[in-house]
Amino acid sequence: TARAAALLVASARAIEDPICEKLKACQHEVAVEAQRERGGDSPKSKSSSSSLPPAVVEFFHHVEGHGLYAASHDSAQRISALVSCIKPIKCDDGLPEFLNLALLRRLCAEGVPEEVPALRATVWKVLLGYLPANVLRWDESLSRTRALYLQLLREGFRDDTAEAVAADTGEKSPDSTGMGRRAKADVKSILRLVTKDVARTRPELGFFARRLPRQQGEATAEEDEGHQNQGQAGGGQFEVEVAEPRRHSDVLARILLLYARLNPGIGYVQGMNEICAPIYYLFACDPLSDAPSVEADAFFCFSLLMAEMADAFVEDLNHTQGGMLGRMTHVDEVLQESDPKLWAHLNSQGVTPMLYTARWLSSMLAQDLEMPEVLRVWDALVGDLVGPHPLLHFLCSARVVAIRKELLGRSEVECFQLLKRDGYPAVTVEEMLNVAFTLRSAYSVSPLVEMEQTRSPLPTSRLRSSMKQVRSASWAGVLHRRPAEGRPRGQPMAAEGDQRAFTGQR
């Protein structure tokens with residue numbers, strides 16, 4: 001790693017890349033710190049707190065403190081493993097070694113302890129590409145992106161949206177030179193769609209109805225309760241204040257509206273609120289971030305996530321691999337290969353994945369899971385969104401395979417009821433993840449996948465042999481498998497041999 005970093009500096013110098021000076025400065029800083037420490041002759045050692053930016057030092061102290069008082073021994077081990085993975089290592093030549101993203105994906109897929117929201121939020125930011133792999137650059141990166149977000153609000157959002165809100169509520173708005181009527185109508189239309197969806201976002205939590213922290217005003221319990229009842233049956237009309245947000249729902253609406261305005265080719269589509277809500281909720285629960293930082297970080301992370309999911313929201317791309325129909329087709333293929341009997345029964349009843357997976361795919365299962373379950377499932381998803389076989393597709397198939405006993409022999413109406421959120425049987429997310437990883441492990445070595453990749457026919461005997469092996473899998477054993485106590489870090493919770501389920505390249 002040290003040699004690779006040195007070559008990077010040399011290459012940057014050769015082409016006069018501006019990053020060269022930053023790398024040289026980073027090298028000098030770490031080298032000076034290494035000379036101050038004793039035992040500097042060791043090839044690698046953990047960076048001391050004095051070599052890290054203050055905000056990063058505060059983060060590590062906060063997370064390590066929670067590790068000392070973790071709810072369980074397993075949580076303490078997970079926290080310790082994640083901190084060890086994130087903390088930078090300095091080599092003997094003074095260059096910092098970047099964190100191991102493959103290892104971080106695997107550890108995150110095993111689950112980040114929920115008692116440390118700051119750790120989960122930071123890991124997600126790294127895996128989504130919002131934070132760089134070089135921890136020493138976190139402060140610089142965050143300062144730059146948060147300033148950029150404020151600039152976006154000032155230049156292209158606040159005034160136009162204020163006029164659209166005023167027009168929508170019947171209030172008088174100041175004249176706006178350079179703003180066409182069509183642009184105003186677009187903002188007004190998008191705002192109405194966003195408002196309608198935000199009003200239905202996670203009402204059971206009560207979180208989005210609460211006021212923002214103290215710097216933007218406290219709220220009494222009565223005010224929060226009154227706002228929470230808006231938009232519900234008999235509760236009056238739900239309204240958002242995106243120009244001057246006062247509540248979390250206002251911030252969520254502003255993020256969605258800004259994204260739609262900056263991405264006119266995609267705009268706003270129903271279901272985007274379900275993808276943005278878990279990100280914003282998690283970041284807002286981070287005690288190390290203030291409200292403006294939470295909003296900026298949530299916007300950029302949502303944008304990065306949508307960069308991988310956007311094709312599913314564009315109608316013209318439906319039939320592509322990343323489009324909605326393309327994704328549904330892949331889910332259908334996985335289900336047919338992994339459990340032909342169940343697939344045949346559902347199709348005989350007219351229950352095809354085209355009819356029940358759209359909600360799962362468009363919301364990344366957020367609409368069908370409680371918020372703690374969403375955060376746990378997304379621990380595995382945020383680092384595994386791209387590639388020919390994204391984990392999300394196997395999770396959708398796993399939701400069907402996990403309740404195969406209940407589905408077999410049922411009628412069309414009964415099957416649809418079981419696949420709905422309210423009628424879905426009790427299956428833990430850990431069981432569902434285990435099934436998903438097992439499905440992908442079998443699918444990735446299937447001759448069907450090889451035939452698809454090489455576009456050449458395979459012998460029928462080999463194809464039948466592979467299908468027989470896949471069908472012989474004991475789903476009951478997978479569903480009831482539990483991680484062994486005291487298993488070494490880095491070993492997946494899924495079936496043995498499914499290493500790619502955790503370390504697949506983005």
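1. **Crossing of α14 and α16.** In this predicted model, helix α14 passes α16 in a right-handed crossing. A crossing is right-handed if the near helix is turned clockwise from the far one by less than a right angle, and left-handed if anticlockwise. Helix α14 covers residues 324-338, and α16 covers residues 353-363. Helices here are DSSP runs (H or I, at least four residues), numbered from the N terminus.

2. **Angle.** The two axes come within 9 Å and cross at roughly 115 degrees. That makes α14 roughly perpendicular to α16. Axes are lines fitted to C-alpha atoms over the stretch in contact, with angles from 0 to 180 degrees between N-to-C directions. Under 35 degrees counts as roughly parallel, over 145 as roughly antiparallel, 65 to 115 as roughly perpendicular, and the rest as oblique.

3. **Who touches whom.** Contact means heavy atoms within 4.5 Å. From α14, the contact uses M324, R327, M328, T329, V331, D332 and L335. From α16 come P353, M354, Y356, T357, A358, L361 and S362. These residues divide into nine nonpolar, three polar and two charged. Ala, Val, Leu, Ile, Met, Phe, Trp, Tyr, Cys and Pro count as nonpolar; Asp, Glu, Lys and Arg as charged; the others, Gly among them, as polar.

4. **Burial in α16.** Its buried residues are P353, Y356, T357, W360, L361, S362 and S363. Buried means under 20% relative accessible area, exposed over 50%, partly exposed in between (1.4 Å probe, protein chains only). After α16 comes M364, with a positive phi near 55 degrees.

5. **H345.** This residue is in helix α15, residues 340-348. H345 is buried, at 14% relative accessible area. Beyond its neighbours within four places in sequence, H345 contacts L407, L408, G409, R410 and C415.

6. **T201.** Look in the loop between α9 (181-199) and α10 (221-228). T201 is buried, at 4%. Leaving out residues up to four places away, T201 touches F208, L252, N273 and A277. G271 lies 70 residues from T201 along the chain, yet their C-alpha atoms are 9.8 Å apart.

7. **Confidence.** pLDDT is the predictor's confidence in each residue, from 0 to 100. The chain mean is 76, and 66% of residues reach 70 or more. Residues 1-45 stay under 50, with 49 contacts beyond four places in sequence. Residues 446-506 are also below 50, with 100 contacts beyond near neighbours in sequence.

8. **Ground rules.** Residues are numbered from 1 along each chain as its sequence is written, and side-chain values use heavy atoms, leaving out hydrogens and water. In this predicted model, local features need pLDDT of at least 70 and side-chain atom pairs count only at 80 or more, while totals for chains, interfaces and linings use all residues.

How values were computed: Helices (H or I, at least four residues) and strands (E, at least two) are DSSP runs, numbered from the N terminus.
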